[in-house]
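Please open the structure in a viewer and follow the stops below in order. Each stop names a selection and then describes what is found there.

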Amino acid sequence: MSSVSISIRDFALPSPLTGSIEANSGYAQIFGGAEKIAAEGRDWHSRLQKQRQKEFGTYKIEYRLAHKFEGKRFTFNVSGRADGFVDGTIPLIEEIKSAMNPLDLIARLGDSSHPYRLQLATYAYIVYLERQVIPATRFLVVGTAGENLQEILVNFDLVEYEEWLARRLAELEQAVENELANRSRRESLSAGMSFPFPNPRPGQRELIEDLGHDLEHSHQCLVQAPTGLGKTAAIIFPTLKEALARGQRLIYVTPKNSQHATAEDAVSHLRKNGTKIKSLTLNAKARMCLKEEVICNPSYCHYARDYYDKVDREKLLEKTAKLAQRVNLSEEIFKKLGEKYEVCPFELSLDSIENADLVIGDYNYVFSPRNTLGRFTHSLSKDYQKPNLVIDEAHNLPGRACDYFSKGLSSAHIVESVGDLSSLNVTEQIKLRSLLSETLFAISSVGKVAGKKEAKVTISPQLFDKIRTELTALMLERMKGKGNAISTQMQSLSLSSSSKVSGSSNSSNASNSSNASNSSNASNSSNASNSSNESVASSASSRSATAASSGAAATFASQSASQLPLLAALAPINSLPLFEAMSPLNSTQPEILPNSSINPSLSINPNSSINPNPSINSNSSPAASLRKIQDPIILLANYLSDFQEALSYEGEAYLHLYTKNRAYGKKDFGESYDECLKVVCCDASDRLRLAHKEFAHVVAFSATIKPFEYFGKLCGFDEGYSCREYFSPFPKENRKILVIPQVSTKFSDRERNYEKIAEAILRLTSRKIGNYFVFFPSFAFLEEVYKRTSKLYENSEFRLLKQESEISKARAKEVIESLNQGLPTIVFAVQGGVFAEGVDYPGDMLIGALIVGPGLPNFNFEREQIRNYYEKQYGQGFDYAYVYPAMAKVIQAAGRVIRSGTDRGLIVLMDKRFTEGTYLAAMPADWHGGSVNNLVSNSLVKDIDCFWSSFEKDA
């Protein structure tokens, strides 16, 4: 009989799972699990265990219990560690649980199908089988800070447990059978796979062969390949084939939803070629939601109500599995299924992952602090095989990852956001005003200690403990009197850190336990996936047969409920970044950034090369469709808890900064200055490295991923990774790349060069009529040159357009579409912005890109602290903090010109720095052929005329 090892948290789930989706549905793995987030909870938990040891002489902590449960076809090796065990004639088993509202948790523990109850019952049953004595069992329930300890005795019902056990074992056996069947099917698919294009493009066959070799010998690969090579198909084919050969799947992540289409197209060609790949695309919950408000509460949303009953009754996972063989399961398909069967489309997409061979999604699903890794990597059959991971546009990953772990607390933002207390009663207003004052005073106190306007400081996580405790009490008190769905959602969220669904229609999410030890599994102690997910879910996590195969309880984050951002009630943590409901900063469109003058938590990006950042109106972001939480108590609780979570991150890569600047906006509470506390993540490579360990092979690719050493380190790759660079398959004579070293765009030289740059634009564009983009380092720079250039073009046939600092998505689309109207246009835009990355301008839509200087980040106190970190860590502070992030933007902007074999265009780089070795090292090798002399012209206009005239002769 085959053996399956399973942790207590995977095993002890309600059976069958019925009921509705509750708050915070979805998985939420925290990198490092309890190591980082639950440090405070673990501390008092340990103290409580030591206290019990003093009270009971035979008290044992972290007492390991294990048993082999025999099914009809499999043996399930179940193991875990009880928090406390007292040996004796009648043994005693204790489990320690924490809750923001202990009384609420105690009430929920009255349900015998609650996962906490089932875990405790399983421990009791194991002891009973060993000793033929039914042990005493009880919970120790405490507040999140270890206060209000209460002992709750629980009666172990042997008959009831064995009835549950029979059902659960049958479910688990079916889940293992399904997993093994999927594995066998994938192995057969791999054996029959062939590249869908009989005549690969130049360089494409080489890429496929090289990557195939690398997958045999390397865990990680970096690939730089230009547009036109067909790199997406060439990378997906060998990585998918290798994964399928091991019975595993491929996870393909992108920084933007718009880039999903390229991967979907590659998979569709494989499917047309006869390989019945099951694929699906994950989208943000805000996009998938069929309701006006994204509120996962059955009292509000009938798509959440009785979700698991409907999925089981209608056999929806079987239907999606069959459908996935014919088409990619997209947002549109899940929405149609959701409407037809009245189920949540987003939750259905997550549940469908178990049968998928290829999953396409945003970076968030793998790399954010709260992600869905457990959905991708958990395996009941425990053969220790792992899926493969492909990272598209990987030059974005270091900056995005740093954004995930950087947070701020701004006095001006607090006053601006929480200043309107009119919705509160008098008592609440008085209490909240007091807490607001205490919060502002705490921020200011750090500044007084620092004694400077800007300073590197050390901020204690306990600085806001008292405020948080009182704010939590005020929030819970307010929620008691509110009966609408949003209030219910908020209260539920405040009591749960990471649960997914209710185990029955009458149960709902309880508080998170900070007991990390229970997830210990002797047979899986080395498995990073399990070790980083050490908290139990407060309620069931999947439909009955699939709960275990998805790694249900094992993948819940261990974190204090007080640290869970309450904003996730409207923007669930596995689908939207932390602040996305308030701003599109970390959204799936990272080049569209907010104007964040008063919110430092939304402006920290150590690898951003533009300041101010290009932005669109927030209304164009998918996240902006979410309604902002207006309750000032919830707003402050969310903001404060989010910052406290960041304070728990440890290591030299995390800087604590204090800054004081004149505030703008409302001046409530006498505020005339904005005092900010920031946690700045300089380097998220350690976090990324943990995520990479969940995959057998990681392939990161982009057209701009040089120098390899820089991206390899900041992307969290281990030593020994392979590097590959491929050149454009398009004729070199179709493009002309030139550097104008006579121009200086350094900040100190800009004013003297505005006129020179304007005149250069006129000379360059006048050689051939058509559409051009001029890309600048910042909006301020753009504006100055635009004013001067406009005068020069007053009588020209060219139309001049410029990117506004808060251009809407609709306006951006309008500008792009206007390039097809036949009117010669020059668009002034910013590097790294909406026009510079992730958009195609085929044919005559664009014949030239003029790039005005490398868009180095602004020199300021924060950036210099980041530079110091890089200098200490890597010995290349300036290059890492300034040059390489800027050059990635430059190369992306230049890459807009040549998008096909018939495109022809001019690329001009204006600045002497482009001739320096550090900047050259970041360029594709085929740009300069090893010598800067190939980029500098002695007769610029003549060379450009010759370039354009060569095509006229051909015509």
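Begin by selecting Asp306, which sits in the loop between α9 (285-288) and α10 (307-313). The model is a predicted one. Although Asp306 is a residue other than glycine, its phi is positive, near 55 degrees. Is Asp306 buried or partly exposed? Its relative accessibility is 31%, so Asp306 counts as partly exposed.

Select Glu342 next, in the loop between α12 (331-341) and α13 (345-351). Here too the residue is not a glycine, and phi is positive at about 55 degrees. With a relative accessibility of 40%, Glu342 counts as partly exposed.

Turn now to helix α11, residues 316-323. Within this helix, colour Leu316, Leu317, Thr320 and Ala321, which are buried. Look down the axis of α11: the buried residues fall within an arc of 140 degrees, so they line one face of the helix.

Which residues of the largest nonpolar core touch the most other members? They are Val366, Phe367, Ile391, Leu432 and Phe835, in a core of 149 residues. Helix α30 (residues 877-894) supplies the largest share of this core, with twelve residues. Apart from this core lies another, of 39 residues, which includes Phe69, Phe74, Phe76 and Tyr123.

Centre the view on Leu432 and display its surroundings. Neighbours within four places in sequence aside, Leu432 is in contact with Val418, Leu421 and Leu424, with Leu471 and Leu474, and with Pro632, Ile633 and Leu636. In soluble globular proteins, nonpolar side chains tend to be buried together.

Proceed to the strands. Select β13 (residues 454-457) together with β14 (residues 654-662); the two pair in the antiparallel sense over four bridges. Within this pairing, Ala455 stands opposite Tyr658 of β14.

Finish with two peptide bonds. Select Ser15 and Pro16, which are joined by a cis peptide bond with omega of about -5 degrees. Pro16 belongs to the loop between α1 (8-11) and α2 (39-55). Then move to Lys706 and Pro707, where the peptide bond is cis and omega is about 0 degrees. The location of Pro707 is the loop between β16 (697-702) and α25 (708-714).

Conventions:
Residues numbered from 1 in each chain as written. Predicted model: local features only at pLDDT ≥ 70, side-chain atom pairs only at ≥ 80, totals over all residues. Heavy atoms only, no water. Core = buried A, V, L, I, M, F, W, Y, C linked by side-chain atoms within 4.5 Å. Buried < 20%, exposed > 50% of the residue type's maximum accessible area, 1.4 Å probe, protein only. Contact = heavy atoms within 4.5 Å. Pairing = 2+ DSSP bridges. Arc of directions from axis to C-beta.
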